[in-house]
Amino acid sequence: YGYDLKSGDVLWQCAGMSSNVVATPVYGNDMLYVGSSYEKKILMAINLQGAQGDLTNTKHMAWTRIRGTPYVPSMLLYDDALYFLTHYQNIITRVDGPSGMDQPGVLRLGELGNIYSSPVAANGHVYVTDLDGTTMVLSHETTPKLVAVNRLNESISASAAIDGDEIFFRGDDHLFCIGSRSPPGAK
């Protein structure tokens, strides 16, 4: 459902999702991406330009997928690329957001285990962190390349947060801040 924030009236609605949606929808360039994989596997791209009423099975449904859909981790929209993890496994898919076409499609993140945190991105890189505290850094390009694998010896299920040149990870017992630090007295 889409609501008018002032009145609370329903502006549009669209059927098709499961009753248990965990992943947060993402929005960009008039497109809303929603997905689930519990009870029903589906990922939908909904064009909200001029959306009113029931959008189910209309021209507003840009594309759908029923394989490799997200469950716990939310999707990442970076430029026009949509990244999403299969359920909470170590499989990420990169597609062109507006068309849904694979770019390049499914990638196995062999170094990682189960993933509950959502992927994040900055400065041309995509960061994916698993429950064991291992973060895989991928290049943000049509065919992503492995840039680095970093390990924190603590369980992490929360999504990373990025502020400028620093990335924050909340583990079970610690808050980690990773970034470059100037030597004392440097300007």
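Predicted model: local features only at pLDDT ≥ 70, side-chain atom pairs only at ≥ 80, totals over all residues.
Another of them joins the side chains of D102 and R65 at 2.3 Å, N to O. Because D102 belongs to strand β11 (residues 102-108) and R65 to strand β7 (residues 61-65), this pair ties together parts that lie 37 residues apart in sequence. D102 is partly exposed, with 43% relative accessibility. A salt bridge also links the side chains of R151 and E111 (2.8 Å, N to O). Here R151 lies in strand β15 and E111 in the loop between β11 and β12 (120-122), so the pair connects parts 40 residues apart in sequence. R151 is exposed, at 52% relative accessible area, whereas E111 is partly exposed at 41%.

Attention now turns to S18, which sits in the loop between β2 (10-13) and β3 (26-28). S18 is buried, since its relative accessible area is 11%. Its side chain reaches the backbone oxygen of N20 at 3.2 Å and makes a polar contact with the side chain of S36, also at 3.2 Å. Leaving aside residues up to four places away in sequence, S18 touches S36, Y38, E39 and K40.

The largest pocket holds about 280 Å³ of space. It is lined by 18 residues, of which Y127, V137, N150, I167 and I178 are the closest to its centre. Strands β13 (125-129), β14 (134-139), β15 (146-151) and β17 (166-170) each give two or more residues to this lining, which comprises 9 nonpolar, 6 polar and 3 charged residues.

Methods: Residues numbered from 1 in each chain as written. Heavy atoms only, no water. 1 Å grid on protein atoms, 1.4 Å probe; cavity = no way out; pocket = protein on both sides within 12 Å on 5 of 7 lines; lining within 4 Å. Points joined across faces, edges and corners; volume = space filled by probe spheres on them. Helix = DSSP H or I, 4+ residues; strand = E, 2+ residues; numbered from the N terminus. Nonpolar A, V, L, I, M, F, W, Y, C, P; charged D, E, K, R; others polar. Buried < 20%, exposed > 50% of the residue type's maximum accessible area, 1.4 Å probe, protein only. Polar contact = N/O pair within 3.5 Å; in protein donor to acceptor, adjacent residues only side chain to side chain. Contact = heavy atoms within 4.5 Å. Salt bridge = Lys/Arg side-chain N within 4 Å of Asp/Glu carboxyl O.
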